[in-house]
Amino acid sequence: NHSRQYTLMELDVQVSLQDCVDNHCEVINQTPLTVRPAVPPGQARDFRERIAFPAAVAPRGEPRLSYQITGTRGE
């Protein structure tokens, strides 16, 4: 949390499951995730969350996860 004033209360993330074959990756599933880590100003926290994708799609190659932060909320 790079804020000097606010505690990070929520982090919205879009998680993608990719199927990678011969260094070409294609997104085969996505799901939104909200994490509530409560990170005080100037500090960091590790967290773990279980991810459930809406439909089961079996990758043909190497499965990879990627993420994009889509929003934050602080107090």
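Is Thr31 buried or exposed, and what is its relative accessible area? Thr31 is buried, with a relative accessible area of 11%. This model is predicted.

## Overall fold

The protein chain has zero helices and three strands. Read from the N terminus, its elements run β-β-β. The radius of gyration is 15 Å, well over the 11 Å that the globule rule gives for 75 residues, so the chain is more spread out than a compact globule.

Along the principal axes, the C-alpha atoms fill a box of roughly 45 × 25 × 20 Å. Buried residues account for 24% of the 75 residues. Among contacts between residues at least 6 apart in sequence, 67% join residues at least 24 apart.

## The sheet

The three strands form an open sheet. Their order is β2-β1-β3, and the pairing is antiparallel. β2 (24–35) and β3 (62–74) stand at the edges. Each has a single partner strand, so one side of each is left without a neighbour in the sheet. From one strand to the next, the twist averages 20°.

Strands of a sheet pair through backbone hydrogen bonds, either parallel or antiparallel. Strand β1 covers residues 8–21 and is joined to β2 by 11 bridges. These two strands run antiparallel. Two of the facing positions can be named. Asp12 stands opposite Thr34 in β2. Asp19 has Glu26 as its bridge partner in β2.

The hairpin of β1 and β2 has two residues between the strands. Here Asp22 takes a positive phi near 50°.

A search of the whole structure finds one disulfide. It is formed by Cys20 and Cys25, with their sulfur atoms 2.1 Å apart. That separation meets the cut-off of 2.5 Å, within which a pair of cysteine sulfur atoms counts as a disulfide. The link of Cys20 and Cys25 is right-handed, with 110° about the S-S bond. The two cysteines fall into separate accessibility classes. Cys20 counts as buried, at 6% relative accessibility. Cys25 counts as partly exposed, at 28%.

## Thr31 and its surroundings

Thr31 is found in strand β2. What does Thr31 touch, not counting residues up to four places away in sequence? The contacts are Val13, Gln14, Val15, Ile51, Ala52, Phe53 and Pro54. Of these, Val13, Gln14 and Val15 fall within the 8–21 range of β1. The 11% value for Thr31 lies under the 20% limit, so the residue counts as buried.

## Salt bridges

Side chains of opposite charge can pair when their charged atoms come close. The count here comes to five salt bridges. Three of them are described below.

Arg36 and Glu10 meet through their side chains in a salt bridge at 3.0 Å, N to O. Arg36 lies in the loop between β2 and β3, and Glu10 in strand β1, so the pair ties together parts that are 26 residues apart in sequence. Arg36 counts as exposed, at 59% relative accessibility. Glu10 counts as buried, at 18%.

Arg73 and Asp12 form a salt bridge at 2.8 Å, N to O. This pair links distant parts of the chain, with Arg73 in strand β3 and Asp12 in strand β1, 61 residues apart. Arg73 counts as partly exposed, at 42% relative accessibility. Asp12 is buried, with a relative accessible area of 14%.

Asp19 forms a salt bridge with Arg60, and their closest N and O atoms are 3.6 Å apart. Asp19 lies in strand β1 and Arg60 in the loop between β2 and β3, so the pair ties together parts that are 41 residues apart in sequence. Asp19 counts as buried, at 6% relative accessibility. Arg60 counts as exposed, at 71%. Which residues do salt bridges that share partners join into one network? They are Glu10, Asp12, Arg36 and Arg73.

Methods. Residues numbered from 1 in each chain as written. Predicted model: local features only at pLDDT ≥ 70, side-chain atom pairs only at ≥ 80, totals over all residues. Heavy atoms only, no water. Pairing = 2+ DSSP bridges. Helix = DSSP H or I, 4+ residues; strand = E, 2+ residues; numbered from the N terminus. Axes fitted to C-alpha atoms, helices over the stretch in contact; angles between N-to-C directions. Buried < 20%, exposed > 50% of the residue type's maximum accessible area, 1.4 Å probe, protein only. Salt bridge = Lys/Arg side-chain N within 4 Å of Asp/Glu carboxyl O. Contact = heavy atoms within 4.5 Å. Rg over C-alpha atoms; globule rule 2.2 N^0.38 Å.
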